[in-house]
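Me: Please show me the sequence and the structure, so that I may ask about them in turn.

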Amino acid sequence: MAARTEPERVRALRVTPTFFSLYQTTPAIGQPFTEEHAKPGNDKQVILSHTLWNTRFGADRSIIGRDIRLSGEPYRVVGVMPDGFLSPGREI
């Protein structure tokens with residue numbers, strides 16, 4: 001299934017690498033953010049929610065390592081969160 005191309009509004013959080021230890025989770029596929037990702041100029045990395053990965057990218061595992069556009073800027077996909085993980089502030 002090909003990724004849809006029309007714009008879509010998505011909710012995002014800007015987090016540090018400690019997010020994963022704080023919430024005692026890791027991405028289901030790919031990797032968590034590292035200290036290297038937190039350095040200025042190297043912060044254009046993204047981890048997708050499981051729902052967005054399914055609905056927007058057809059659960060395509062090859063999305064890891066590819067660039068997507070957020071607000072017109074390229075971001076490298078480094079991971080996908082586990083199914084059922086609710087980010088802070090998100091209601092069921």
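**Helix, salt bridges, pocket and loops**

Reply: In H2, the residues His50, Leu52, Trp53, Arg56 and Phe57 are buried, where buried means under 20% relative accessible area, exposed over 50%, and partly exposed in between (1.4 Å probe, protein chains only). Helices (H or I, at least four residues) and strands (E, at least two) are DSSP runs, numbered from the N terminus. The model is predicted: local features need pLDDT of at least 70, side-chain atom pairs count only at pLDDT 80 or more, and totals for chains, interfaces and linings use all residues. Residues are numbered from 1 along each chain as its sequence is written, and side-chain values use heavy atoms, with hydrogens and water left out.

Me: Within what arc do the buried residues of H2 fall, seen down its axis?

Reply: The arc is that of the directions from the helix axis to the C-beta atoms. The buried residues of H2 line one face of the helix, because they fall within an arc of 165°.

Me: Which strands do the buried residues of H2 pack against?

Reply: Contact here means heavy atoms within 4.5 Å. By that criterion, the partners of the buried residues of H2 are strand E1 (29-30), E2, E3 and E4.

Me: How many salt bridges does the count come to?

Reply: Side chains of opposite charge can pair when their charged atoms come close. A salt bridge is a side-chain nitrogen of Lys or Arg within 4 Å of a carboxyl oxygen of Asp or Glu. By this rule the count is five.

Me: Which residue forms a salt bridge with glutamate 8, and how many residues apart are the two?

Reply: The partner is arginine 56, at 3.0 Å from N to O. Glutamate 8 is partly exposed, at 37% relative accessible area, whereas arginine 56 is buried, at 12%. The pair links distant parts of the chain, with glutamate 8 in the segment before helix H1 (19-22) and arginine 56 in helix H2 (residues 50-57). The partner is thus arginine 56, and the separation is 48 residues.

Me: How far apart are the closest N and O atoms of lysine 39 and glutamate 36?

Reply: Lysine 39 is partly exposed, with a relative accessible area of 43%, and glutamate 36 is also partly exposed, at 42%. These residues form a salt bridge in which the closest N and O atoms are apart by 3.1 Å.

Me: What is the volume of the largest pocket?

Reply: On a 1 Å grid over the protein atoms alone, a pocket is an open set of points where a 1.4 Å probe fits, with protein on both sides within 12 Å along at least five of seven lines; lining residues have an atom within 4 Å of a point. Grid points are joined across faces, edges and corners, and a volume is the space filled by probe spheres set on the points. For the largest pocket this gives about 1,400 Å³.

Me: Which element gives the largest share of the lining of the largest pocket?

Reply: Of the 40 lining residues, the closest to the centre of the largest pocket are Arg11, Ala12, Val46, Ile47 and Leu70. Elements that give two or more residues to this lining are H1, strand E2 (45-48), H2 and strand E3 (67-70). The largest share, five residues, comes from H2.

Me: Is serine 71 buried or exposed?

Reply: Serine 71 lies in the loop between E3 and strand E4 (73-80). Its phi is positive, about 50°, although serine 71 is not a glycine. With a relative accessible area of 81%, serine 71 is exposed.
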